[in-house]
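These exercises go from the overall dimensions of a protein to one of its domain interfaces. Each task is followed by a worked solution.

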Amino acid sequence: MSMNTSQIELRLKRITFEAERISSFEFVSADANPLPGFQPGAHIDLHLQQGMIRSYSLANAASADPLYYRVAVQREPNGRGGSRWAHDKLRVGDKVWATPPQNDFPLDECASSTVFFVGGIGITPVLPMLRRLDAIGREWKLMYASRSPGETAFAEELQRIDAGRGRIVHFHDSEPGQRLEIRATVAALPASTHVYCCGPTGMIDDFLAVTAERDPSTVHYERFGAAQQAATEGGFDVVLHRSGAKYRVEPGKTILDVLLDNNVAVPYSCCNGVCGSCRTEIIDGQADHRDDFLSDEEKQANQAIMVCCSGARSKTLVLDL
Ligand code: FES
């Protein structure tokens with residue numbers, strides 16, 4: 001099997017249990033070619049089975065010439081199948097295609113102090129950030145919320161990174177009085193401190209609400225989930241411009257659901273309107289945008305739609321497919 005030249009082929013070298021339902025997967029180059037470098041906060045898109053593409057943040061130390069990429073996957077029994085496939089089917093020695101690292105969550109290395117608010121698997125992109133900040137002598141603090149100690153990924157590794165300096169505070173939702181209070185913590189921080197958040201949607205929403213008054217250049221976040229409900233009201237037709245095929249989007253379905261049901265090959269990954277994988281050009285019709293990927297200007301221009309979560313305001317939507 002071959003892919004276009006912008007993809008890299010990886011071979012799975014190691015799977016490590018990290019916490020309940022979370023394993024890390026270490027990939028090396030499948031050929032003799034060096035792996036592209038990456039900065040803290042970067043992710044790769046793994047091409048899994050049947051057109052499934054999933055974005056995973058890189059957890060190993062950032063490097064210009066990495067020997068491997070390490071990602072962490074939390075098994076989601078009710079997800080769309082990517083994490084189940086990785087946990088249940090992916091085996092050491094298997095080859096997968098990936099896009100080279102991209103970074104939508106860069107670290108500002110100029111900040112003299114940085115505080116991270118992390119929920120669950122959101123710890124992944126923060127690991128290389130902590131290492132990098134240590135390497136350049138910057139102050140940091142990590143507020144890490146997880147359901148319980150057994151569901152806390154990379155706990156031992158974090159202990160090693162902290163090296164007994166007390167910079168990490170754990171919060172476990174399953175234990176009384178252990179809620180991470182983002183508002184109180186942020187309120188006590190100097191205005192110059194940079195704050196980062198990576199975690200579930202509710203946590204990001206809280207974080208954005210309490211940091212709304214801070215200088216935007218000091219506020220950084222990466223969403224794993226959608227901020228808005230996907231458009232599943234249905235009641236419109238999707239026409240594929242290239243093939244002429246026409247499909248009804250019934251209530252309860254997204255455009256992506258309908259395309260996949262009809263074996264239309266369309267890339268997708270997060271299914272939450274955040275990664276950009278499913279961006280599709282609009283030929284005609286009016287989109288009902290529900291994603292967090294397109295800018296307000298792009299939404300107004302109505303030239304593209306994220307089919308995983310957005311719908312239509314017009315009776316028919318003609319797509320460049
Ligand atoms: S699949 Fe990620 S934005 Fe649609």
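**Exercise 1.** Find out how the radius of gyration of the protein compares with that of a compact globule.

Solution. The model is a predicted one. Start with the chain length: for 321 residues, a compact globule would have a radius of gyration near 20 Å. Next take the value for the protein, 21 Å, which agrees with that expectation.

**Exercise 2.** Describe how the protein is divided into domains and what secondary structure it has.

Solution. Three segments are assigned: domain 1 covers 8-98, domain 2 covers 113-223 and domain 3 covers 236-319. The secondary structure of the protein amounts to seven helices and 18 strands.

**Exercise 3.** Determine the area buried between domain 1 and domain 2 and what carbon and sulfur atoms give to it.

Solution. First place the two parts: the C-alpha centres of domain 1 and domain 2 are 23 Å apart. Second, list the contacts, with heavy atoms within 4.5 Å as the cut-off: 18 residues of domain 1 meet 16 residues of domain 2. Third, take the area, since the size of an interface is often given as the accessible area lost when the parts come together. About 1300 Å² is buried between domain 1 and domain 2, and carbon and sulfur atoms give 63% of this area.

**Exercise 4.** Which polar and charged pairs link domain 1 and domain 2, and which elements of domain 1 touch domain 2?

Solution. Apply the salt-bridge rule across the interface: one is found. In the model, Glu157 forms a salt bridge with Arg70, with the closest N and O atoms 2.8 Å apart. Polar contacts between domain 1 and domain 2 come to two residue pairs. On the side of domain 1, the elements giving two or more residues are β1 (8-19), β2 (22-29) and β5 (69-74). Of these, β5 gives the most, with four residues. Finally, sort the residues of this side by type: nine are nonpolar, five polar and four charged.

How values were computed
Residues are numbered from 1 along each chain as its sequence is written. This is a predicted model: local features need pLDDT of at least 70, side-chain atom pairs count only at pLDDT 80 or more; totals for chains, interfaces and linings use all residues. Side-chain values use heavy atoms; hydrogens and water are left out. Domain bounds come from an automatic or database domain assignment. Buried area is the accessible area (1.4 Å probe) that two parts lose on being put together, summed over both. A salt bridge is a side-chain nitrogen of Lys or Arg within 4 Å of a carboxyl oxygen of Asp or Glu. A polar contact is a pair of N or O atoms within 3.5 Å; within protein, one must be able to donate a hydrogen and the other to accept it, and residues adjacent in sequence count only if both atoms are side-chain atoms. Ala, Val, Leu, Ile, Met, Phe, Trp, Tyr, Cys and Pro count as nonpolar, Asp, Glu, Lys and Arg as charged, and the others, Gly among them, as polar. The radius of gyration is taken over C-alpha atoms; the globule rule is 2.2 Å times the number of residues to the power 0.38.
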